[in-house]
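Please look at the sequence and the model before reading on.

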Amino acid sequence: MSIFTFSPSPSLSFFTPPTPPRRSSAFPAATQSSANLNTVAGGLALLWFKHDLRIDDHPALHAAASQFPALIPLYIFDSRLLSRFSDEMLEITLLALEALKRSLRDRGLDLLIKFGDAESVLRELVVEVKATHVFAEEEVEHELCVLMDGVSQTLSSLIQSPNLTVWRTPFYDVKSLEALPASYDEFRKLQLPVSSPLSSPTLPCLRLELNWGTMPTFDALKEFMNSNRLYKPSEDWDSIKNTTAEATVRAKFSKRGSNEKNPSSKESRTERMGKSIFSTQRGVNFLRGGTEGLLNALAAYIRYNEGTSRDDWQALHEMVRNSESRDGGSFIKLFGPAIHLGMISKRRVHYEAIKYEKERNAGFLSPFGYSAGTVAAAVDAVLSSEWYSLMCLKSKGRHLGSLSYRTWRWNGFLVQYTVYGCDGPAMLLVHGFGAFLEHFRDNIHGIAEGGNQVWAITMLGFGSSEKPNIVYSELMWAELLKDFIVQVVGRPVHLVGNSIGGYIVAIVACLWPALVKSIVLINSAGSVIPGYSSLPFNKERQVSVAAWLGARLLLTYLRLKTKDIVKNCYPTRTERADNWLISEMLRASKDPGGLVVLESIFSFDLSVPLNYLLEGLEERVLIIQGMKDPIYNSKAVLAKLKEQCVGVTIKELDAGHCPHDELPKQVNSILCEWILRLETKQKI
């Protein structure tokens, strides 16, 4: 199989273009030691770096360096690419680019820095340097796929159109994505070998005299992004984007009596960076060393059990101890940003970890597992990440009826969502524990037909979304929803949540009311406590041995009893708990990381009652309650809500725990009427 994967899109097909008319160059004239851009024989390639900021194990760099006498590495500061990043990730990106630029310079090249939209930059650059080929990494995120389509169309419209090569680093030798099984159990049975990484290539010695541009400072980059936004968010939204849920909780608590100041985005950024490998000066030095520095950090990580006298490795080992909130969780915390930015490839991580494991075991791998916990953490993390990447690539263009699956990347993790309807008020549907966006299979269209734009998301840890080795909590999921509203939806929403999803959307409404037009709770989790007046701040949770054991026992029980449990939640229409729904729940439970999510059940903190979370939302709260819920005492719950929550609207239905799926037409009608009433009232 070729190291390149070509997009099936006709716009990426290759052809021999006619010779273009001569254009004047905007670059300085070549010096005697440099090649003239008009006389480069054999063609010139542009290598567009995005999330592949390395020269080690870079298939496109190898191909371009071996096939073309002239090569221009390029990075484009496009606000559409960068607006998805937190301020923390922007700072890390700048450090990563500086390291890449140094690595290229050490090998006789440089990194061309450009600002603007990728389509315009590439169009102008291709014409001016007469590039014959453009290399760009394949994308899975919906917005970036749209951007890549725009780039493809722009380049194909040129008189002399370059070949656009879309590539990816092949972790496995996969012949056909479509042939891959959807079950991780079945996938593992294929026993596909992991491909070996490539070393850094020898780069073309033909140098071009160009205005290579300069790296911006963080403040200059923020100014550029603010001036190039398609829309101007309010100051509240700008602050919300770069403030963590924990910082917001502290600020809200301070308003109830503490002297703590509101969180600034800078403080929040520092708080986030404190959880990655770049949190200390030594950590930043690992990053500034580029891939070599990260390989040094990885070597220290996988050798954690050995101890060391080296100062830099001791610093890394201290980071491991401070980051291990659950077994193996330190790897994602420490190396996640570097892998997301492509500073080090996943198969390089796998190769180094397995090589070390074999060194410890006389060249063999034990069938009973890895000898070091850090080796297991590194290997499991990249194998899991690659599985979800393959599934997202496979799902590109796939539909659920007329709904298309889309992918969004949150904190480096892949999250599935869909949207239907172009105009009208925005509504976001949030599922319960163990479910996924398809649980709203008969709601999305019905609500959209009422003149609304309907979004549905599969939260991290569920369905086809990624299930990383992290500590899951209600605050983490609330922050995910906050970021989804800000980054993807882009405007305030009517939030709808079922079961634990209801409790999480209530947290979102409490912490970030500017994002929420109204809230709808469908058989929501959570209690009602009269007179509750405090919002506790809990530090990051640790996973106990009891939770570890309990998750495994619970998983065994659930796999045996899933059908009975689900049907019991549909007492009025048991046929709605069909085989597809049950089989998809079982499939997702076998995904890598599924057990980790189950552990969260034993550490959920639902101590903050609904009546506290709903304060300030008077006349904007709708309760839809299935009165035959086998999990909650619906009559008692509603009685307390009526007593403690002012101005809530309540709709009782002859249904169980999931009335939106059991009685979709009734729920759709209620939701459409609710939105129409609120939207009409707001316009008056």
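## A β-α-β unit

Strand S12 (residues 493–498), helix H19 (residues 500–511) and strand S13 (residues 516–522) make a right-handed β-α-β unit. Right-handed here means that, with the strands pointing away from the viewer, the path from the first strand over the helix to the second runs clockwise. Helices (H or I, at least four residues) and strands (E, at least two) are DSSP runs, numbered from the N terminus.

The model is predicted: local features need pLDDT of at least 70, side-chain atom pairs count only at pLDDT 80 or more, and totals for chains, interfaces and linings use all residues. Residues are numbered from 1 along each chain as its sequence is written, and side-chain values use heavy atoms, with hydrogens and water left out.

## Strand S13 and its partners

S12 and S13 run parallel and are joined by six bridges; two strands count as paired if DSSP finds at least two bridges between them. Val520 in S13 is the bridge partner of Val496. S13 also pairs with strand S14 (residues 621–626), again in the parallel sense, over four bridges. There, Leu521 has Ile623 of S14 as its bridge partner.

Six of the seven residues of S13 are buried, and the strand is mostly covered. Buried means under 20% relative accessible area, exposed over 50%, and partly exposed in between (1.4 Å probe, protein chains only).

The open sheet has eight strands in the order S8-S9-S11-S10-S12-S13-S14-S15, with mixed pairing. Strand S8 (406–410) and strand S15 (648–653) stand at the edges with a single partner strand each, so one side of each has no neighbour in the sheet. From one strand to the next, the twist averages 25°. Axes are lines fitted to C-alpha atoms, for helices over the stretch in contact, and angles run from 0 to 180 degrees between N-to-C directions.

Strand S10 (residues 426–430) runs parallel to S12, joined to it by four bridges, and Leu429 stands opposite Val496 in S12. Helix H18 (residues 474–489) packs on the sheet, touching S8, S9, S10, S11 and S12, and its direction makes about 120° with that of S8.

## Asp110

Asp110 is found in the loop between helix H3 (87–106) and strand S3 (112–115). Asp110 is buried, with a relative accessible area of 10%. Its side chain makes polar contacts (N or O atoms within 3.5 Å; within protein, one must be able to donate a hydrogen and the other to accept it, and residues adjacent in sequence count only if both atoms are side-chain atoms). The partners include the side chains of Lys101, at 2.9 Å, and Arg105, at 3.2 Å.

Leaving aside neighbours within four places in sequence, Asp110 is in contact (heavy atoms within 4.5 Å) with Pro73, Lys101, Leu104, Arg105 and Trp212.
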